[in-house]
Protein chains: 2
Amino acid sequence: MSRTPPELARLVETVRPGLARMRDVLRRQVAEGSAAVSDMTEHVGRFQGKQLRGALVLLVGEATGNTTDEHPSVAAIVEMIHLATLVHDDILDGAKVRRRVACVNERWDNQVAVLLGDFLYARAFSLSTDLSSRLCSKLLAETTRKLCVGEIDQSARRYDFEMPQEIYESICAAKTASLYAAACELGARYPGGNEEVGRAMGAFGHAIGLAFQIVDDCLDVAGDEDVVGKSVGTDVEDGKVTLPVLYTYARADEQLRAEIRRIYTQPGLAKRARVLRETCSLDAGIEYAYDRARALVEQAQARLDRLAPGAARDALYGIAEFTLQRNW
Amino acid sequence: MSRTPPELARLVETVRPGLARMRDVLRRQVAEGSAAVSDMTEHVGRFQGKQLRGALVLLVGEATGNTTDEHPSVAAIVEMIHLATLVHDDILDGAKVRRRVACVNERWDNQVAVLLGDFLYARAFSLSTDLSSRLCSKLLAETTRKLCVGEIDQSARRYDFEMPQEIYESICAAKTASLYAAACELGARYPGGNEEVGRAMGAFGHAIGLAFQIVDDCLDVAGDEDVVGKSVGTDVEDGKVTLPVLYTYARADEQLRAEIRRIYTQPGLAKRARVLRETCSLDAGIEYAYDRARALVEQAQARLDRLAPGAARDALYGIAEFTLQRNW
């Protein structure tokens, strides 16, 4: 069932009991009396992925000396929100394969995928309102708003080949990094106080979330579906112009630019990402994007200097590094 | 802009200042820095409908002597959740016209409708976490879960012509009445305490919500689009077997049953609801359903006896009555 790569499993070893409790909370939360619902949530359980965001709540808690009995629940809530965005993303992206399990909207229809995502959001918020502190509800409701705004802005920027890198990054920050940042801030702060260390850990999460998204965008345009384990090439299909392409486009002559636009937009064209790779080298753009991700990872790692040395801090350092190495 | 029928406007007159504040909160909450988002939320503002659920928060507060400064915000949160369900329903139902304004998913695409609904949910939860009491967050997160489960169960029961009336009603209770019940319970209880009167007012909301849904289902199968002001016949299109049809089917001979099933399922058949009406009389089924709705309204009205006489109580009595009379 677990889709956790061996290296990541080693990194999160130090919070293994907390992760087990988090999974236990998750299992109980997605269980539902309705047979129709439990049939779906059982299916969803199988594409839960790495549970990296939940692990970050626990690891940051540990690394900052702020572990409470409620941290596994906070981690489960973060994972449920992530799961809800994945389910709704499958509608958005038209992705055909996610983590090698048929998507919800392939097995059922779009209607049900919308409702299942809504159900997961509602469960997450409901659980958060049962916690002793309101910090989790407050931070995650606000984060969910950011996630949506990021996705909507991204949708509005489709086929925008001249989007400035700052705009690209602000969209990635909203749609992806905000949940990493919230996970880390909650780990450091929940149930309250510790604002300064919370800000620092939020910045750590923000930087690795942004790096994660940039690497993800590189894999989508250049990756191999068998290795990555989910659909690749969907960004080009969906008109999303990501950093490696923005970089390539900015340095292309007018003829090549027209060709790139054609590959993105010509109706009925098959395997657009592959055609794009065969038409122009994306190597420089991908290198540029990885350099940017590397710089973000180093920024993130520098934030860890303030923490006491230990296994949890080492794990956070390793997870930041892992963001760049992953080929999944 | 207002779609409030004149009679309803008269009924809610007693909470007019609160409604104005509720609309003000709504306007500010759906405003968003992102141009892409505000373009959409502005559009959504135009199909807000009757705002009956928000008005119930205020009226029940008034009628139970429990009006606080935060009631208009609670009402706005209830309305935002309702608005989110409408936006996601438009994906679900494939409805072509809602309140005579093009649906979000007609002007934009399904992707964006999903995100806009998510954004509205997130805003609602975010605002609720800013209130002084957690009661609103708790009750509405739980209610949102019920709404989703009801919709999922309904989807699983499509084309179930032998569904017992209790199951039909339990689905209506979850997908519709739960938000009416929560609105009324919050009106009576927010920020806390008053559990007994809260339960009674919750039961009032539950009963009128259920009546509302039954009448809505009758209008969908028998109504005139020009009068109702939104798509009709979509339930038959979507395979939803509602009370008037369940009643008719249960009393039909095998030949007519086969005919009803054919009308629901034959690929490509146009105007299924009209064909259904022309094939068999739904009159007895509709009368039966209205009788049930009438009984629910009387149950609801009986709950009001415990309240002090006054304009707010009269308005609640009238709204319950209005549930049956509406032809919109």
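I started at A:L59. Beyond its neighbours within four places in sequence, A:L59 is in contact (C-beta atoms, placed from the backbone, within 7 Å) with A:V12, A:V15, A:G187, A:A312, A:A315 and A:L316.

I noted the ground rules. This is a predicted model, where local features need pLDDT of at least 70 and side-chain atom pairs count only at pLDDT 80 or more, while totals for chains, interfaces and linings use all residues. Residues are numbered from 1 along each chain as its sequence is written, with chains lettered from A and ligands numbered from 1 in the order in which they are written.

Next I looked up chain A. I found 17 helices and two strands (DSSP runs: H or I, at least four residues, for helices; E, at least two, for strands; numbered from the N terminus). Of its 328 residues, 55% are buried (20 or more other C-beta atoms within 10 Å of the residue's own, placed from the backbone).

Last, I took two helices of chain B. The axes (lines fitted to C-alpha atoms over the stretch in contact, angles from 0 to 180 degrees between N-to-C directions) of α16 (residues 283-302) and α17 (residues 311-325) of chain B come within 9 Å and cross at roughly 175 degrees. So α16(B) is roughly antiparallel to α17(B) (angles over 145 degrees).

Terms used:
A residue is buried if 20 or more other C-beta atoms lie within 10 Å of its own, exposed if 12 or fewer, and partly exposed in between; C-beta atoms are placed from the backbone. Two residues are in contact if their C-beta atoms, placed from the backbone, lie within 7 Å. Angles under 35 degrees count as roughly parallel, over 145 as roughly antiparallel, 65 to 115 as roughly perpendicular and the rest as oblique.
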